[in-house]
Amino acid sequence: MEVTRLTATDAARAARVLDEMRASTLGGGRAKLAPRPAIRESWGRMLHNGIDPDHDFRTDLLSRDEVERRRQTSRLRHTLPVLREGLLSLADTAQHIMLVADADGRVLWREGSASVLRKADGQGLGVGADWREETVGTNGIGTPLVSRRPVQVYSSEHFVRALHSWTCTGAPITDPRDGSLLGVVDVSGPLETLHPCTLALVDSVAKLAQARLRDLHLTSLEQLRAVAAPVLARMDGRAVAVDKNGWTAAVTGMPYTNRLALPKSLAPGRCWLPALGLCSVEPLPGGWLIHPTGDPEPPLTAPHILLDVSHPRRWTVTVSGQTGSWTHELTPRHAELLYLLALHRDGRSASTLADDMFGDPARTVTVRAEMSRVRRYLGAFLDHRPYRFTEGAEVEVLLPEAPLDLLPHSVAPGVVRARAAAGGQAWVERAQR
């Protein structure tokens, strides 16, 4: 039975079927309709975290000053014209509201149907509210923040009973400069007004919002290039001007590369960069001027590589050695790849890694392209044929306490197997019986 189709044709029956599914599944029985994978995974996290499905989920609202501060500092503010143009007409027509929340799950903007806004006020869905999964259970804001995928939550698929009269559809918005999660755009309203195409629409508009951010980034690079070009013209030797995220604006005396991997906290002075070695760093408006010194580098003996995947929404790799310590924040895909390589220290071929990542050993082109990007900042510590950490590297992995919190966004078969081996699938197996 297709939930979306049933909801579109008979909302009342859909609500009954979903309610029966929820009661049976959470009670340990066998439901006629199994929860969809995204919902099943979310419910597993809720049960593990001890969320009460019948509790009053209302949260404290942020102060007006704090909401305004977050609005002014969030790059989401640049996406509002695109989001409004793409979604507000639907919200008004279908008696829905549009909400935009930051990466902490805090609602910063909401617009749409006046009657639904009043209903949202009564359910704690106001500006400044906290809608993380761990606060209010499975929902169209908190669940996409964890899964990093568009999610639609129908009626009783909400873990908390008080939300069963709602249907929520949310899609994550990421920063195209570094892949970091900025927040979520969500369209919510009564179950009976749901349209089966809402998920596709919200996802498409979220991608348009990301395209808007990409345009703004290209404009900022042009501005940096105008400042850096005269400086580079007067320099001898190699030099490169990059923005704060390492994207190249201009180069001289060296091959052009789209992006340099920069330490998390770069400061003027001397530092070691994986792609260039020892460099001098000077500030520019909106970026950095980086000049490779050509000085000999200390030998990299027994580097310590710390892969931190202990947080559900943020992952880093830190390299420590004789040249100091260096940290890089990872995208979801790169966190998966490095975790799999840390799990298999003997190495993985391109086809085996493709099977680990996609369940398809033929997708070697995708794997090679992603590993090429990883090698831009970890090339000195990675071998290929097979792909693996160098033999002399000491690799440490920081894992979350709960197996279900291990890269919870990931559907890579290798990661799913690792969760199961650690006991993270116990609830899932119970729900599928």
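Author: Happy to! Let's begin with helix α4, whose buried residues pack against β1 (97–102) and β2 (107–112). Keep in mind as we go that this is a predicted model. The helix covers residues 64–73, and its buried residues are Glu66, Val67 and Arg70. Looking down the axis of α4, you would find these buried residues within an arc of 100 degrees, so they line one face of the helix. An α-helix has 3.6 residues a turn, so residues three or four places apart point the same way.

Ser155 sits in the loop between β3 (151–154) and β4 (166–174). Its relative accessibility is 3%, and because buried means under 20%, Ser155 counts as buried. What surrounds Ser155, once its neighbours within four places in sequence are set aside? Its contacts are Ala15, Leu18, Leu163, His164, Trp166, Thr167 and Leu191.

Now for a sheet. Strands of a sheet pair through backbone hydrogen bonds, either parallel or antiparallel. Here, five strands make an open sheet with antiparallel pairing, in the order β7-β6-β10-β9-β8. At its edges are β7 (248–252) and β8 (269–273), each of which pairs on one side only. On average, neighbouring strands of this sheet are turned by 30 degrees against each other, direction ignored. Look at the β8 end: β8 pairs with β9 (residues 277–284) over five bridges, in the antiparallel sense. There, Leu273 stands opposite Gly277 of β9.

Finally, let's see how two helices meet. Helix α10 (residues 332–343) packs with helix α12 (residues 364–378) at an angle of about 85 degrees, their axes 11 Å apart. That angle makes α10 roughly perpendicular to α12. Which residues meet here? From α10 come Arg333, His334, Leu337, Leu338 and Leu341; from α12 come Thr366, Glu370, Met371, Arg373, Val374, Tyr377 and Leu378. Sorted by class, this contact has seven nonpolar, two polar and three charged residues.

Note on methods:
Residues numbered from 1 in each chain as written. Predicted model: local features only at pLDDT ≥ 70, side-chain atom pairs only at ≥ 80, totals over all residues. Heavy atoms only, no water. Pairing = 2+ DSSP bridges. Helix = DSSP H or I, 4+ residues; strand = E, 2+ residues; numbered from the N terminus. Axes fitted to C-alpha atoms, helices over the stretch in contact; angles between N-to-C directions. Parallel < 35°, antiparallel > 145°, perpendicular 65-115°, else oblique. Contact = heavy atoms within 4.5 Å. Nonpolar A, V, L, I, M, F, W, Y, C, P; charged D, E, K, R; others polar. Buried < 20%, exposed > 50% of the residue type's maximum accessible area, 1.4 Å probe, protein only. Arc of directions from axis to C-beta.
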